[in-house]
Amino acid sequence: MKEREKFKSRLGFILVSAGCAVGLGNVWKFPYICGQNGGAAFILIYLFFLITLGFPILISEFSIGRGSGKSMAHAYDNLEQKGTKWHFFKWFSFIGLLLLMMFYTMVGGWMLYYVYRSCTGELIGDADHVAECFNSMLADGKTMTLWAFIAIIVSFAVCAFGIQKGIEKVTKVMMIALLGLIIILAIHSLTLDNAMEGVKFYLIPNLDAIRERGLGTVVFDAMSHAFFTLSIGIGSMEIFGSYLDKEHSLVGEAGNVVVLDTFVALMAGFIIIPACFAFGVAPGAGPSLLFITLPNIFNNMAGGRVWGILFFVFMSFAALSTIIAVFEGIVAFLMEILNWSRVKTVLICIVGISVLSLPAILGFNVLSMVQPMGEGSTIMDLEDFFVSYNLLPLGSLIMVLFCSRKNGWGWDNFVDEVNKGRGRRMSNKLRFYYAYVLPIVILVIYFKGYYDMFAPMGTASLLAWMLIAVALVSFILIFSLIGQGKAEG
């Protein structure tokens, strides 16, 4: 049997894993919610939850990968206690990876298209022109399909060359370029007139904003973003743990990824917030910030066309690094389940993902009448709901329970894998925290997300959806208890 490929270098693992974690939410969401929730005070709360919530779950995901030496297709099978049913949850991961790519490839295509439009000067014009550029893109299904397909081809082509010659080699270049671009763009934003007002908004604690929004809201926003920023729960990180050697402990390796992801999020704030204040626009969240507000800002600054090109190249690298990472999870899963070659798997996935991406694309034009999450929603919103509000938190719950429960992998086996190699060690004193505290916190995030999503739709809708959420959690908990009496240690 051919030996499983490994990362060539520790730096490669860190940059590839960070590339998966660094997504578009780091750029368009974090700066906004930071300023909205009290600036530096929010950052401190966010960092607390990143260390106490996101970081330990990331360690769990890496450890499942490295301990099994397999993708999610066989990770649970290899590690679970005899007579248990954890291997069923592999399909949570696979479905999550597919659903994420069904809309994220489209957004990656948007980024590449805006690099092209920035280079050709098509975005130059007044505010109405820029807004029309974005709206015309969404209305043009052919154009969106073409650029999503380009993102798919480029990303799968990287995966076709394997870990060392493809993913590690290309992602290292993209991530180093991304970090260079983000520093250059941040320094430039800080030189703009009135930029320091933006820095104050971003970094100085604003207790009035906290009182206005409510401490509970601020804390939950920080907790939620700390949870979702690392892309944990569906196996997108597990696959890279499976390619990692055992020279260093996973506490240190996960810590490096968390630091790099946080650095990008913080630096994105230094790009966007000062620029918005310099030109008197609100730093609104969501796609409009990237595709309407920022191009308007670039059009009004000296050398704006160049800065616009650099910004969307940076955003393209952020999107593609995530797409490549998730594609590798899908490719590895199918290779192990079906015993296909890498090239055959990649070719079939190109066709499959291209077809599966069409509903999200057409949901903005041909299928715009389909509004599954209420008036004004799109098919992309439904797909995002399944991933962000269900599979990520539930997948994280499964991984934490699997690592900490005696009928899963077992705490002793988990800690032994985490502590292999040089570096910081995990203490056995954390067992209670992993087994009980983390699952409860994850469930709070899960049910609060459902409440925030469906409460505005009325009591009947909220109760109906909450019953579905309770049923899903109950299903997981029941499955996690199967074989409890037979399991050892």
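## Close-up views of a predicted model

**View 1. The lining of the largest cavity.** Ser118, Gly121, Leu123, Ile124, Pro295, Phe298, Asn299, Gly304, Arg305, Gly308 and Ile309 line the largest cavity. The model shown here and in the other views is predicted. The cavity has a volume of about 90 Å³. Two helices, α15 (287-299) and α16, each supply at least two residues of this lining. The biggest share comes from α16, with four residues. By class, the lining divides into five nonpolar, five polar and one charged residue. A search of the whole structure finds five cavities of 30 Å³ or more.

**View 2. The second largest cavity.** About 60 Å³ of space lies in this cavity. Its lining is made of Leu185, His188, Ser189, Leu192, Ile271, Ala275, Leu294, Phe298 and Met301. Two or more residues each come from α9 (162-190), α14 (250-278) and α15. Here α9 gives the most, with three residues. Seven lining residues are nonpolar and two are polar. None is charged. Look for Phe298: this residue lines the second largest cavity, and Phe298 also lines the largest one.

**View 3. The largest pocket.** This pocket has a volume of about 1,400 Å³. It is lined by 45 residues. Which of them lie nearest the centre of the pocket? They are Trp28, Lys29, Phe228, Asp384 and Ser388. By class, the lining has 26 nonpolar, 13 polar and six charged residues.

**View 4. The helices around the largest pocket.** At least two lining residues come from each of α1 (10-21), α2 (24-28), α3 (30-36), α6, α12 (215-228), α16 (304-338), α19 and α21 (431-454). Which helix gives the most to the lining? It is α19, with nine residues.

**View 5. Helix α6 against helix α19.** The axes of α6 (residues 90-120) and α19 (residues 379-404) come within 9 Å. They cross at roughly 145 degrees. The crossing is left-handed. On the α6 side, the contact residues are Phe92, Ile95, Gly96, Leu99, Leu100, Met102, Phe103, Met106 and Val107. They meet Met380, Glu383, Asp384, Phe386, Val387, Leu391, Leu394 and Ile398 in α19. By class, this contact has 14 nonpolar, one polar and two charged residues. Asp384 links two views: this residue takes part in the contact with α6, and Asp384 is also among the residues nearest the centre of the largest pocket.

How values were computed: Residues numbered from 1 in each chain as written. Predicted model: local features only at pLDDT ≥ 70, side-chain atom pairs only at ≥ 80, totals over all residues. Heavy atoms only, no water. Axes fitted to C-alpha atoms, helices over the stretch in contact; angles between N-to-C directions. Left-handed = near helix turned anticlockwise from the far one by under 90°. Contact = heavy atoms within 4.5 Å. Nonpolar A, V, L, I, M, F, W, Y, C, P; charged D, E, K, R; others polar. 1 Å grid on protein atoms, 1.4 Å probe; cavity = no way out; pocket = protein on both sides within 12 Å on 5 of 7 lines; lining within 4 Å. Points joined across faces, edges and corners; volume = space filled by probe spheres on them.
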